[in-house]
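Please open the model in a viewer and keep the sequence beside it.

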Amino acid sequence: MIIYKTPRVFLISVLKFIIPDWDDIVDPAFDFVKERESEGYRRDRFMYGARLWELIGNVVDGVLVSISTLSESKLARIKKAGGVRGFMRVPDSMQIIGDCGAWQYRDRELPPYTVQEVLEYYRVLGVDFGVTLDHIPFFGDPERRIEFTRRAAKEMFDLWRRGGYGFELLGSIQGVSIEDYVESLRELHGYGFRSFAVGGLAKRDTEFLKRLIEVFIAEVRSLGDIKKVHFLGVTRLGILPLLNRLSDYVAEVSFDSSSVLRLAWTREHGNYLTADGKAYTAIRVVDNGTEIEEAARLLLKKLREYDRGVVSFDEVLEAVREYVKLVGHERYLPYYVATLRDMPWKRCDCAVCKSAGVDVVIFRGNNRNRRRGFHNVYVFSKLLRSGNFEVRFTVPKDGDVKIDETLGDEKLEFLLKNARTVLIVTHCTEEKSVPWEEVVLVLRERGLTVPSHDIEKEALYREVLQNYMKPAKEMYGGSFAVVRSLADVLRRVGKEVDVYIISARYGLIGENELVVPYEATLKGKPKEWIRHWSVRLGVENKLLKVLSSKKYDLVIVALPREYAYAVEGVLRRLLRMENAILILPKRAITTDGVRAKYILAGNLKSRIRQIALLREIAIKTYTGPKS
């Protein structure tokens, strides 16, 4: 099915770019003016929706399909269509790679499939390449998981060779140390494999990946007969120059990544890429069903008029100024000015930009955001084809633009300005600031797995990992950084601030408490399980004691749904207090008589934005307008 008439573009670089399948689909007949999906798309998005290659051409070399992400209904439709190629309408020129999706079952002692079942899945999916059954070593007994992965590869190889399957088998290589990976490569090569998939890389830092690839280059040069090496889930694109070097000694090197696609809607700034190394910021036009929606419609109309040349730059900028002030997005204005001034979509020859126009740089809903992601893939693929593996994108910003310093929310301003003592309650993060390779090696020497919910072993772990323990505020990375930044700002302006963290391992802890590196989360746990866990660790009682230990003038809580469940009773109490700011997902907690400032934030990015906004208001409140 061809949605737009666009030249077929093939990625001719030896280094192959594979896109993971996460159902990135848009409505090809979406009405941007009326904000209306087509009838067919509403009825069946898989049949009437368009994927990347249908909108923008064959700009990637293939698609990665993970078994563990397939629902029963989706698998049934794939079978009915004769495989993934028919179901997703994948062109013959693109590869289909299948893997098990080991990250999805990383917490299980054993994978939920047998080697025979995996081979059958690949047959049904109609893959061109299938990765052998694997288990990621970081989340259990490393020795057992590495050995399981090697043994499963050999078993699958024997069945595959006898079964006459119509796809190439990639031997999965997992490890903790570089030596583990090399040993697996050598062992599977000796068993007969000539194609490999390197997994378990998501938690590795860039330096580890560079060292690993350097060693692989030496190994494959020595072996001399490697057909294909695929790197699973490579999100740090800075290693691409090394992968390209590896391709000098391997018939084919490929990697899969959705980073450039997803930055279209996951980044605060820099959502729209250009081939000259710019990353422009998409203009956020809020869709929340309130009175703001009327202002949003007026702004959308003005942006389209600017795109057509009906209104001037000064006119559209004034409209954007009024809108960002209304919705509290003043901080984005310098970035928006650069986007509107340069009009990068006008210079792009991809089918998305040609058909969507200015809507491609509007941050609003799936049909705009994913189209922008498709455009980003087009640009990135263009750079790969040109051999430009080391491009570094810069985010354009107009530093001279004057921002109206009038604050959009008087209650937030009042609370932050008048509070002398502040309590911040947040949650632990998956990112830990530790050298994971070293940590896992130390644990292996003692026959231990990475700490998780097994708090009863805490004394042993503290003994073994004493050199890697840190205060909680230094251990947590990721989104915790923005909470730490808010606390630092409030302290700089003379406030007394306490930060407490709901930790999936420890329960409630203060920011200065020493913690070991661990892998545990409440995400995905049933509410009943979380409530039982909370009672067992006394999370709510501890938080109540903290609240009563000091007269806090302001309480700030920022939690995702599962962590909110852990302190549900305390949150109900806080919702009735005027001196509380609660940043929570919709329906995370319900109560009558809400007097607190309740800010809805449905996902991680929304929470980060709201916490950053509090920090910005605190800075403005105490420094005053810029001259």
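The structure contains 50 salt bridges, a salt bridge being a side-chain nitrogen of Lys or Arg within 4 Å of a carboxyl oxygen of Asp or Glu. This is a predicted model, in which local features need pLDDT of at least 70 and side-chain atom pairs count only at pLDDT 80 or more, while totals for chains, interfaces and linings use all residues. Residues are numbered from 1 along each chain as its sequence is written, and side-chain values use heavy atoms, with hydrogens and water left out.

Begin by selecting E109 and R144, whose side chains form a salt bridge with an N to O distance of 3.6 Å. E109 belongs to the loop between β3 (95-99) and α6 (115-125), and R144 to helix α7 (residues 142-163), so the pair ties together parts that are 35 residues apart in sequence. Helices (H or I, at least four residues) and strands (E, at least two) are DSSP runs, numbered from the N terminus. E109 is exposed, at 58% relative accessible area, and R144 is exposed as well, at 52%. Here, buried means under 20% relative accessible area, exposed over 50%, and partly exposed in between (1.4 Å probe, protein chains only).

Next, select R341 and D342. Their closest N and O atoms are 2.9 Å apart, in a salt bridge. R341 is partly exposed, with a relative accessible area of 42%; D342 is also partly exposed, at 22%.

Proceed to D349 and K382, another salt bridge, with the closest N and O atoms 3.8 Å apart. This pair links distant parts of the chain, 33 residues apart: D349 lies in the loop between α14 (333-342) and α15 (351-356), and K382 in helix α16 (residues 366-385). Both ends are partly exposed: D349 has a relative accessible area of 41%, and K382 one of 32%.

Then select E35, E293, E294, R297, R304, D359, R364 and R368 together. Salt bridges that share partners join these residues into one network.

The last stop concerns the cysteines. How many disulfides does a search of the whole structure find? The search finds zero, a disulfide being a pair of cysteine sulfur atoms within 2.5 Å. Select C348, C350 and C353 to inspect the sulfur atoms. For C348, the closest cysteine sulfur is that of C350, 3.5 Å away and therefore too far for a bond. For C353, the closest cysteine sulfur is also in C350, at 3.6 Å, again too far for a bond. C348 is buried, at 13% relative accessibility, and C353 is buried at 4%.
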